[in-house]
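Reader: I am new to this structure. Can you show me how to read it, one feature at a time?

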Amino acid sequence: MIKIYGMAEIIKTSYSALDTFRQCPLKYKFQVVEKIKAPKSKEAVFGDKLHKALQFFHKQSPLSPTLDELLNYIKEIWESEVFGDEQTDMIYFSEAIKILKNYYENYLKIKEKLVVLDTETRFEVLLENPDNKDQKCLLRGIIDRVDKIKDGVEVIDYKTAKRFPAQNDVNNSLQLSLYCIGVLNRWPEFAKYGPENIKLTLYYLKHQETISSKRTEEQLNNVQKQTWEMLKEIEKSEFQPIPSALCDWCGYRRLCPMWRHLYKEQMAIDDEQVKKVVDEFFALKQANSQNNKKINDLKEIIENYLDKEKIERVFGDTGYITRLIQIKAGGYDIKKLEQLIKTLPLPIQEQFQQVKKNDKEYTIIKASVKKIKKEP
Ligand code: SF4
């Protein structure tokens, strides 16, 4: 990743690589550090085909293709074999067709005023390391679409994920800040608009909804720091996997310790045993949760009885059950904390007094296995 040019070190990377690291450091290691080629996941291919279809659609603006031409285009580039069985392929293909039809319908509403400046716009941003001026990072990226809007431009990034982000996340997205700088670098004439006139939009294709934000000069100045912080994090990373819904987009599942077992083809005896152990574990967990539910029901009956009789302890043949009030500070048992705190220096004891202000009372039901005989 590091190239030396003269006296300066230039780290070449892309926003998508940084984003991969943010999603999962292990995926970053497979993809960027070890450069392992992986088959694209269904979701990744699905997104890629839609991006290509929309690029085809807008590339020819203002003489955009008809809906039929757009649908024919995606049929031509579709790769059924990636989606496995026929039924799965049909589900993904129908979804792609539905998205494009809805997209086209929306397009018809705005086509008179739509001015597409570019699609698949490549950009570069050179960011100096704030702690070492000899170190720079050349960050490359691709913006899906750039439109001219009144007194400014709109940067559009298509998303095929279902999950719609919170406005706050969009306002602070490093990706969109980089896109803003990227557009200003690529078309310096847009600088006259200022960042406040560069609209940054995420277009969620499944919902046909957009979410937009803008950047301030201050936010753009912060991009350099944010990017270098991430690069430093990558440098000292141990590349641990972070499993999430995004694993569906990952082509490294067969290599990943979080998923590899699922894909193991030749099962050895201990593999078969572990499968049985996993199933047994679930059976016990299920029984546990049924027991816990039953215990809660019994506790409720006992507590009602204690209230009715105005007593705090009941006896059975196996043992007795006591209701106790416990005071906890910040979730910890206060008696145990007090004993511990006495052994600590005075300033910490004072801090403890602050924590104590958050004391809470809890009712607990304590079961003691002990046969109790009545005293004569
Ligand atoms: S499958 Fe999930 S956890 Fe494993 S490398 Fe890929 S994204 Fe990370």
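Author: We take the strands, then the nonpolar cores, then the ligand. Keep in mind that this is a predicted model.

Reader: How do β4 and β5 pair, and over how many bridges?

Author: Look for bridges between two strands, then for their sense. Strand β4 covers residues 132-149 and strand β5 covers residues 152-159. They pair in the antiparallel sense, over five bridges. One of the pairs is Asp147 with Glu154 in β5.

Reader: What lies between β4 and β5?

Author: Two residues, and the strands form a hairpin. In the turn, Asp151 has a positive phi of about 55°.

Reader: Which sense does β5 take with β6, parallel or antiparallel?

Author: Parallel, with seven bridges. Strand β6 spans residues 198-204. There, Leu202 is the bridge partner of Asp157.

Reader: Which residues touch the most other members of the largest nonpolar core?

Author: That core has 33 residues. Val155, Tyr179, Cys180, Val183 and Ile198 touch the most other members. Several elements supply at least two residues each, including β4, β5, β6 and α8 (217-235). Helix α7 gives the most, with seven.

Reader: What does Tyr179 touch?

Author: Leave out residues up to four places away in sequence. Then Tyr179 touches Gly141, Ile143, Val155, Asp157 and Leu200. Apart from this core lies another, of eleven residues, among them Phe46 and Leu205.

Reader: How many residues surround the ligand?

Author: There are 14, and the closest are Cys24, Pro241, Cys247, Cys250 and Cys256. By type, the shell has twelve nonpolar residues, no polar ones and two charged ones.

Note on methods: Residues are numbered from 1 along each chain as its sequence is written. This is a predicted model: local features need pLDDT of at least 70, side-chain atom pairs count only at pLDDT 80 or more; totals for chains, interfaces and linings use all residues. A residue is near a molecule or strand if its C-beta atom, placed from the backbone, lies within 6 Å of it. Ala, Val, Leu, Ile, Met, Phe, Trp, Tyr, Cys and Pro count as nonpolar, Asp, Glu, Lys and Arg as charged, and the others, Gly among them, as polar. Two strands pair if DSSP finds at least two bridges between them. Helices (H or I, at least four residues) and strands (E, at least two) are DSSP runs, numbered from the N terminus. A nonpolar core is a set of buried Ala, Val, Leu, Ile, Met, Phe, Trp, Tyr and Cys residues joined through C-beta atoms within 7 Å. A residue is buried if 20 or more other C-beta atoms lie within 10 Å of its own, exposed if 12 or fewer, and partly exposed in between; C-beta atoms are placed from the backbone. Two residues are in contact if their C-beta atoms, placed from the backbone, lie within 7 Å.
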